[in-house]
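Student: I am new to this structure. Please show it to me, and then let me ask about the terms.

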Amino acid sequence: MTSSEKKQLIINAFTMQTPSHLNPGLFRHPTDKGGEYKNIKHWISLAQKLEDAKFHGIFFADVLGGYDVYKGPENLDPTIPAGAQFPINDPLYSIPAMAAATESIGFGVTASTTYEAPYALARRFSTVDHLTNGRVGWNIVTSYLDSAARNFGLDTQVEHDERYRIADEYLDVTYKLWEASWRDDAVTWRQEDATTNGPAPGQRYANPRAVRQINHKGKYFQVPGPHLCEPSPQRTPFILQAGTSTAGKAFAAKHAEAIFLHAQKPELVRPSVDSIREQAAALGRNPQDIKVIAGALVIVAETDEAAKSKFDEFKKYGDEEGALALFGGWTGYDLSTYTDDQDFRFVGQPAVRSMVNHWASTVPGSEGKKWDKRTIADYLTLGGNGVKIIGSVQTVADELERWVNVGDVDGFNLSYATIPDTFDDIINLLLPELRRRGLFWDDYAVKGGTWRENFYGKKGQNRAPDSHPAARYRWRAGEEVPSYSLTESQ
């Protein structure tokens, strides 16, 4: 395969508005700026740095509760000292400031369908899509923490697959608000229509007959509408999704434009990629419209030895208790109930045993290692439970290219050990090599374009593709009502 035929990678920065994202305790590193998460200038500076390097976007993770399972119940004592995704700010509010200081980089924002009302969320995303000139994406989650459920008035989480059934109807509501409440030609006012002689007869901002209630009446939601916001550049924000359960993959195949996956090896991610693309095709979608983004922590240096030394130095600042707190939140299992020397490859709890045996068989350097609490904590301290690619420029670029060829991924969400140092190394060392190999663009496909245009590399692709479910709700110019409303109950 020639360089010109290679798949060009999508590269996002993966972060969180908290002292320590997937690196509990690293805020203590002398050059780390995780503690500046509440300073808007910190985020503006990062956005400008990443845009100068031509990152596609910044992907903001988020949670709605604390990690309180480990040494629980409802105990945040291990979490708080480590800054392990606690405290945490809502990322959406910083996006307009970052967008005002940049031109082309996109912003993916996590928001939950379980605890956010669709009418309010649709308004917030339309607002930010306007203020960013179409550079926002929605990472759809159904939430997984019991602590979040309790704080939203529930005794425990809504059952897993039921959350996805709720999410499916939720998307129908938001698609109707974004695509079917305002006709494409509803807004008639243009600034050039203004005159110094007073309003011309009949001038109006929008045509009231081209703004409608959606009158959604479903099992979970009753939303009359109309949408409070006029159409934004993308209408429906770029849709991202991260679930890999059976229900999550089915949901992604129907709705997602980009899917975020975790795995230790590309051979392990490939079955999920193939399954999602096959399901999407069965639904009438173009499978290649779904961009698969793998999560990875990349530590790169001039040599393999220097990268390993850097990784080991970072680990000195990690907080093992915070790492075990993250494990408890992700899995629901409290490892403090086991003895310190327990080898979790052989515990009675099948879910824990399966997860740890997976790590033991895939994580480099695991041969002959006892997977007790300390080993698990040591593994999770940097980069969480995702793949860690550590080495020279050549080593890291070779492995990323292998992920593309073997896993059929389209790009990477790159997390960090320290911020912004990890991204600086990627920018200064790795990206030039990826460009040399023809794996990464020299500039945005559409400078100043929407995030959807730059993800798909196609000028004018502001709206969801025609085969995407959002497209069926479009209220096109000149139509009396949207065509979908003539053929089915709302």
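What follows is a short talk about the terms and the values behind them.

Tutor: This is a predicted model, where local features need pLDDT of at least 70, side-chain atom pairs count only at pLDDT 80 or more, and totals for chains, interfaces and linings use all residues. Residues are numbered from 1 along each chain as its sequence is written, and side-chain values use heavy atoms, with hydrogens and water left out.

Student: How do you know that the radius of gyration agrees with a compact globule?

Tutor: The radius is taken over C-alpha atoms, and the globule rule is 2.2 Å times the number of residues to the power 0.38. For 490 residues a compact globule would have a radius near 23 Å; the chain has 23 Å, so the two agree.

Student: What makes a residue buried, and what percentage of the chain is buried?

Tutor: Buried means under 20% relative accessible area (1.4 Å probe, protein chains only). Buried residues make up 55% of the 490.

Student: What makes a nonpolar core?

Tutor: A nonpolar core is a set of buried Ala, Val, Leu, Ile, Met, Phe, Trp, Tyr and Cys residues joined through side-chain atoms within 4.5 Å. The largest core here has 86 residues, and Leu50 and Trp138 are among those that touch the most other members. Helix α6 (residues 160-180) gives the largest share, 10 residues. Helices are DSSP runs of H or I, at least four residues, numbered from the N terminus. A second, separate core has 23 residues, including Leu22 and Tyr67.

Student: Which residues does leucine 50 contact, beyond its neighbours within four places in sequence?

Tutor: Contact means heavy atoms within 4.5 Å. By that rule leucine 50 is in contact with Ala13, Phe55, Ile58, Ile105, Phe423, Ile427 and Tyr444.

Methods:
Buried < 20%, exposed > 50% of the residue type's maximum accessible area, 1.4 Å probe, protein only. Helix = DSSP H or I, 4+ residues; strand = E, 2+ residues; numbered from the N terminus.
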